[in-house]
Amino acid sequence: MSATGPAPAPGAPPPVDLTVRLGRLTLPNPVMTASGTYGKGLEFRPFYDVSRLGAVVVKTITSEPRAGNPPPRLVETAGGLLNSIGLENPGIDEYVRTYLPLLRTLRAPLVINIAGHSPEDFAALAARLDPEPGIAALELNMSCPNVAHGLDYSTSPDAARHVVALVRSKTGLPLIAKLSPNVTDVRPVAKAAVEAGADAVSVINTLLGMAVDWRRRAPVLGRGVGGLSGPCIKPVALRIVKDVSRAVDAPVIGIGGIQNADDAMEFFVAGAAAIQVGTANYYLPTAAVDILDGLPSRFAVLGATRMADVVGTLKDPVLKA
Amino acid sequence: MPQPPPAIAPEFPKVALGEILENRSIARWTHVLKVHAPTVAPAIQPGQFVNIRTSDSLVPLLRRPMSVHRVIRDGDTPTGFAVLFDVVGPGTRALATLTKGRRLDFVGPLGNAVTIPAGTKRAVLVAGGVGVGPIKIVAEELQRRGVRDITVCYGARDFEHVVPAEDVCPHGCRLLVATDDGSVGRKGRVTSHIEDLLATGRLTPETYVFACGPVPMFQALQSLLGPKGVRVEAATEEFMGCGFGVCFGCTLRVKEDDGRTGYRLCCADGCIFPLDRLVFEGHPHGAHA
Ligand SMILES: Cc1cc2nc3c(=O)[nH]c(=O)nc-3n(C[C@H](O)[C@H](O)[C@H](O)COP(=O)(O)OP(=O)(O)OC[C@H]3O[C@@H](n4cnc5c(N)ncnc54)[C@H](O)[C@@H]3O)c2cc1C
Ligand SMILES: Cc1cc2nc3c(=O)[nH]c(=O)nc-3n(C[C@H](O)[C@H](O)[C@H](O)COP(=O)(O)O)c2cc1C
Ligand code: FES
């Protein structure tokens, strides 16, 4: 029991140290928001104190403004959501001018997510953001399924290595490589990104899918295909987190269908050093802080007092003959 | 253009748990759900909506947006709200089964409110199908502001879909009904009543007009009222992922000042828009889609 701080209420779980180190990036706790699901962050201020979060990750920014894809852009599926938003954003100039100052007022570590149409474009975005104050890290969206070529940088190790190395040469900010699950094996891509200088990798972005309106013999989404997210993708995400965390020598950020503290614990045990909450923000607007508040009692169940007691402690399956 | 945020976090919308006071069937497919929600009710403005979690399970996953039909008051104090909904799928089916005393998880109030010009003397409210939901709260607001001459034009498919007059609008409004098959009111479209009002001079550019209904109804109103210079506030409905402006899923197309077409969010920029700004060309629920 520490000498400082108030004594815990009887029956309250013992204090836990949720500090997370992701390469050179240190966060107060492992609960982040997922890119594209958190608006400008300001929208959540009526619901809770956003500065409590481990980090806020903002929607992908591109060098030019993008209007996004034609509607309909969303369709609900069993336990999930298909989207084809198409990286709608105001472009980097407008972003730095008007959005970044607003985001700084959130007083949470800020992770800016960027996507380039070429490795040079990625690098230019990073160079542009590098001198801006108040940015904790950059997340490279190497895997958006909703734009042409969006998947390219996360489907081949060489492409991933090239992009990350070029960005690395332009900025000293911690880098997170966000990778696609839409490949046979994420591990070689993750390894390449880490070797090229990524401080951490985040998995997974959405799974490519579609919905069909048979009466119209047409896809439901305006763009035809979209990215699947939500609780229905959690098993896929857990498997990939486990695989990648064992293959790379860098922390893994787990994303995919996390909606409560038990889901978060599953990802930590599977190998995630931190997590991002995405689709759950829509239907459970307080999900991220509810997860944070739910961690101490879960840690207590495992007798854990710090992240290292939990992260990657998954046992191997016992095979019976 | 984003505004600088207020230093103190806004109080609304809230994620709240209301208590169901009543879930009343008012027509074959239609219910009125009354909810006790004293922390949220005072903030509700006419035209706003709430986003309801219809079940704790993963299907349906997303909340279901519903326009506020009425604010419930205890004397002068707002203590709750009602929504009027049609059972059309899994979410509204679940909602229809909720009974008195149960908790209702909702986010609200959301969206913008009607903007009734000062000095309004006459109003026409147009409802198509379940678009009748927000008519009553708007009519009550008009009456509170002293507007006496209120006509409600209400179109529905057939007698099974028509809700009782007292659930459409308060006493003192003139109610004109039309059904596709003529089983209640006039046979035909709700817009035929609009044509009559125009012809008899009871609908002019000075009239306040509010409309809520399906896209083809909005398209018909655009071509009827646009050329006459009658402005309309349209309560739109797009499929919503979040309801508070963070998913960018509920876009609709609008005409910008420079004549080009841009996107707006139904939930955060609306759901009420000036009808003449809305672009329905190619809309999946449009008349020619
Ligand atoms: C701002 C807003 C206010 C609304 N107010 C009301 C209201 O007061 N009363 C009411 O009954 N309904 C209202 N709706 C529509 C209501 O949200 C949908 O009917 C509901 O989500 C259907 O859910 P479900 O699971 O029962 O059916 P689903 O299976 O989700 O849908 C059944 C059918 O309804 C269509 N649908 C679903 N959502 C919408 C939508 N947003 N707009 C148009 N069509 C849709 C689907 O395409 C499908 O054909 C409103 C919608 C919005 C966006
Ligand atoms: C509507 C929507 C928009 C998204 N936009 C982005 C984006 O701009 N950039 C990005 O890297 N990921 C984006 N994502 C992916 C999420 O960040 C996350 O990787 C994915 O949804 C899986 O997590 P979840 O199941 O918790 O939502 C988006 C997801 C959704 C549902
Ligand atoms: S419903 Fe999510 S932005 Fe409108």
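**Strands, domains and ligand sites**

Q: In which sense do strand S4 (residues 56–57) of chain A and S7(A) pair?
A: In this predicted model, the two strands are joined over two bridges. Within S7(A), A:Leu110 is the residue that stands opposite A:Val56. The sense in which strand S4 of chain A and S7(A) pair is parallel.

Q: Which residue is the bridge partner of A:Asn113 in S8(A)?
A: Strand S7 of chain A, residues 110–114, is mostly covered, with four of its five residues buried. S7(A) also pairs with strand S8 (residues 137–141) of chain A, in the parallel sense and over four bridges. In S8(A), the residue that bridges to A:Asn113 is A:Glu139.

Q: Why does chain A count as being as compact as a globular protein of its length?
A: The secondary structure of chain A comes to eight helices and 16 strands. For its 321 residues the globule rule gives 20 Å, and because the computed radius of gyration is close to that value, chain A is as compact as a globular protein of that length; the radius of gyration is 19 Å.

Q: What percentage of the residues of chain A count as buried?
A: Along the principal axes, the C-alpha atoms of chain A fill a box of roughly 60 × 55 × 40 Å. Among contacts in chain A between residues at least 6 apart in sequence, 71% join residues at least 24 apart. Of the 321 residues of chain A, the share that counts as buried is 54%.

Q: How many residues of chain B are in contact with chain A?
A: The contact involves 34 residues on the side of chain A, and the elements giving two or more residues to that side are strand S5 (74–77), strand S6 (80–83), helix H1 (92–104) and helix H7 (280–283) of chain A. By class, this side of chain A divides into 17 nonpolar, eleven polar and six charged residues. On the side of chain B, the number of residues in contact with chain A is 30.

Q: Which chains supply the residues that surround ligand 2?
A: There are 29 residues around ligand 2, and A:Ala34, A:Gly36, A:Ser229, A:Gly278 and A:Thr279 come nearest. By class, this shell has eleven nonpolar, 16 polar and two charged residues. The site is shared between chains, because the residues that surround ligand 2 come from chains A and B.

Q: Which element supplies the largest share of the side of domain 1 of chain B that touches domain 2 of chain B?
A: The domain assignment of chain B gives domain 1 (14–110) and domain 2 (122–236 + 271–279), whose centres, taken over C-alpha atoms, are separated by 23 Å. Their contact takes 19 residues from domain 1 of chain B and 17 residues from domain 2 of chain B. The largest share of the domain 1 side, four residues, comes from S6(B).

Q: From which domains of chain B does the shell around ligand 1 draw at least three residues each?
A: Of the 22 residues around ligand 1, those that come nearest are B:Phe85, B:Gly89, B:Gly91, B:Thr92 and B:Gly133. Two or more residues of this shell are given by each of strand S4 (64–67), strand S6 (77–86) and helix H1 (90–97) of chain B, and by class the shell has 13 nonpolar, five polar and four charged residues. The domains of chain B that each give at least three residues are domain 1 (14–110) and domain 2 (122–236 + 271–279).

Definitions and conventions. Residues numbered from 1 in each chain as written. Chains lettered and ligands numbered in written order. Predicted model: local features only at pLDDT ≥ 70, side-chain atom pairs only at ≥ 80, totals over all residues. Near = placed C-beta within 6 Å. Nonpolar A, V, L, I, M, F, W, Y, C, P; charged D, E, K, R; others polar. Domains from an automatic or database assignment. Rg over C-alpha atoms; globule rule 2.2 N^0.38 Å. Buried ≥ 20, exposed ≤ 12 C-beta atoms within 10 Å, placed from the backbone. Contact = placed C-beta atoms within 7 Å. Pairing = 2+ DSSP bridges.
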